[in-house]
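Hi everyone, thanks for coming. Please have a look at the model on the screen, and then I'll walk you through a few spots in it.

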Amino acid sequence: MEEKIVIDNIVIDVERKSIKNMYIRVYPPDGKVKMTVPKHCRIDNVKMFACSRISWINKQRAIMISSPIKAEPQYVSGEFHYLWGKKYIFEHIEGISNRVDIEADRIILQTKNGASREERERIMNQWYRQLLKAAIPDALGECAKIVGRSPKEWYVKNMRTRWGTCNPSKKRIWLNLQLVKKKPECLDYVITHELVHLYVRKHDDKFKAYMDRFYPDWRRVKKLLNEEL
Ligand SMILES: [Zn+2]
């Protein structure tokens, strides 16, 4: 029978064993907490022990949950990766082909012949690019309908500093590959922004007035877009 307790909103699995003392473990990558306790230990005592260690538990969890995000991704199991604003646990497995699958809350990258970090990144970005490119025509169609302008051409590019760019004279827009990791409303916002450049080049009051008209919620989404994942 599986026992669980909840302390400070953290679900802790409790396992009973023939031991004398209690133990708490926090597991990577998602900070799952497990307690091992003596067979006949009263649940009140288990809870009390967990309570007395709660600051240690929280600290361990904070380290595990935050550190893989800030560092450059290595595309190794246990990292967190995002798709459309949703957080997934990344898993890298060695198999017979290069492919990416989603299973529940996991993104599973399968590679063959011991892929290097660069290779893993390339395969992941290829997958992300496909998903973004598949989503753009609908989003672009919707936004173009609202804005009343549409581009002649659009491209996806992995950019460091900008979410999108527009060349108004050529009616060409570029969208950042990283948008695939953000909520879909972020894609709509960036597309709308670039399409408004087909009316106004600068980010002046006129530009903002267009944004207010075509995407009234743009300030909130802009903020959301620039939040750290
Ligand atoms: Zn702009």
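**A helix with a bend**

Let's start in helix H3, where a kink of about 35° lies at Ile136, shortly before the proline Pro137. The bend at a residue is the angle between axes fitted to the seven residues ending there and the seven starting there. Helices here are DSSP runs of H or I with at least four residues, strands are E runs of at least two, and both are numbered from the N terminus.

Before going on, two notes on the model. It is predicted, so local features need pLDDT of at least 70 and side-chain atom pairs count only at pLDDT 80 or more, while totals for chains, interfaces and linings use all residues. Residues are numbered from 1 along each chain as its sequence is written.

Which residues of H3 are buried? They are Tyr128, Leu132, Leu140, Cys143 and Val147. Buried means that 20 or more other C-beta atoms, placed from the backbone, lie within 10 Å of the residue's own; 12 or fewer is exposed, and in between is partly exposed. These buried residues pack against strand S9 (153–157), H4 and helix H5 (205–214).

Now to the partner, H4. Two packed helices are described by the angle between their axes and the distance between the axes. For H3 (residues 117–147) and H4 (residues 184–196), the angle is about 50° and the axes are 9 Å apart. That makes H3 oblique to H4, since angles under 35 degrees count as roughly parallel, over 145 as roughly antiparallel, 65 to 115 as roughly perpendicular and the rest as oblique.

Who meets whom? On the H3 side, the residues include Ala135, Ala139 and Cys143, and on the H4 side they include Leu187, Ile191 and Leu195. Contact means C-beta atoms, placed from the backbone, within 7 Å.

**Strands and loops**

Val26 sits in strand S3 (residues 23–27). Because it has 19 C-beta neighbours inside 10 Å, Val26 counts as partly exposed. Met64 is 38 residues from Val26 in sequence, yet their C-alpha atoms are 8.9 Å apart.

Finally, two loop residues. Asn9 lies between strand S1 (3–7) and strand S2 (10–17), and its phi is positive, near 65°, although Asn9 is not a glycine. Is Asn9 buried or exposed? With 5 C-beta neighbours inside 10 Å, Asn9 counts as exposed. Trp84, in the loop between strand S5 (80–83) and strand S6 (86–94), also has a positive phi, about 50°.

How values were computed: Axes fitted to C-alpha atoms, helices over the stretch in contact; angles between N-to-C directions. Contact = placed C-beta atoms within 7 Å.
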